[in-house]
Amino acid sequence: PFPEDNLRVMAMTTISTLYRDRSQTVDQVCRALQAMANAHQGNYLFFFPSYEYLTLIHACFKDKATGMDIVLQTPNMSEEEREQFLERFSSENPKTLIGFVVMGGIFGEGIDLIGDCLSGAAVIGVGNATLSALIGAGGLGQFINRGLALSDTKLILLGAIPAALLALVMDFSIGASEWALRPRTVRNSKT
């Protein structure tokens, strides 16, 4: 039960988070996240597409985050460390608390932060291409939204199928890149 009056969805279409642009847009992303966290004292989760990008933004953010506590998800967190991380959001905090986490990671789903335990969340990444239509930026989401409004399955599929194929191609490409960049000894070992 989340009050609709509290829902606010924003998209920043002027900041590129494509891998090749990330180092040039760190300051822009950092300023946007700081503006969000400074607007209202509370607890926030910032979701990143990778630990590398999380670390880049955190390095910029931490120096300017006066009066805020920051916690970071780390690779291979133990169950106890995960619980301690989430407990920080369960308690009443005298300062704004920011959690830097990875999308699709252990904090991406299956956690319940009810009431005032979470004031906001930001998702930083390229996975929102079909949502661009919601803010008038075009894309495949236009077909999906128009199809939903008109109850036209063919129009929905005209946007959904290419979007799904693009997601699969990107997932395969990233997986193949990760495999190719692994040292040969790791690649060839049976784990």
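F61 is buried, and F100 is buried too (buried means under 20% relative accessible area, with a 1.4 Å probe and protein chains only). This is a predicted model, in which local features need pLDDT of at least 70, side-chain atom pairs count only at pLDDT 80 or more, and totals for chains, interfaces and linings use all residues. Residues are numbered from 1 along each chain as its sequence is written, and side-chain values use heavy atoms, leaving out hydrogens and water.

**Aromatic rings**

- A pair of aromatic rings is described by the distance of the centres and the angle of the planes.
- Rings of Phe, Tyr and Trp (its six-membered ring) pair if their centres lie within 6.5 Å; planes under 30 degrees apart count as stacked, over 60 as edge-to-face and the rest as tilted.
- By this rule the count comes to six aromatic pairs.
- F46 and F100 are an edge-to-face pair because their ring centres are 5.7 Å apart and their planes stand at 75°.
- This pair links distant parts of the chain, with F46 in strand β1 (residues 43-48) and F100 in strand β3 (residues 96-102), 54 residues apart; strands are DSSP runs (E, at least two residues), numbered from the N terminus.
- Both F46 and F100 are buried.
- F61 and F100 also form an edge-to-face pair, at 5.5 Å centre to centre and 70° between the planes.
- Ring pairs join F46, F48, Y53, F61 and F100 into a cluster.

**A charge over a ring**

- R22 lies over the face of Y53, 4.7 Å from the ring centre (the rule asks for NZ of Lys or CZ of Arg within 6 Å of the ring centre and within 35 degrees of the ring normal).

Note on methods
Helices (H or I, at least four residues) and strands (E, at least two) are DSSP runs, numbered from the N terminus. Buried means under 20% relative accessible area, exposed over 50%, partly exposed in between (1.4 Å probe, protein chains only).
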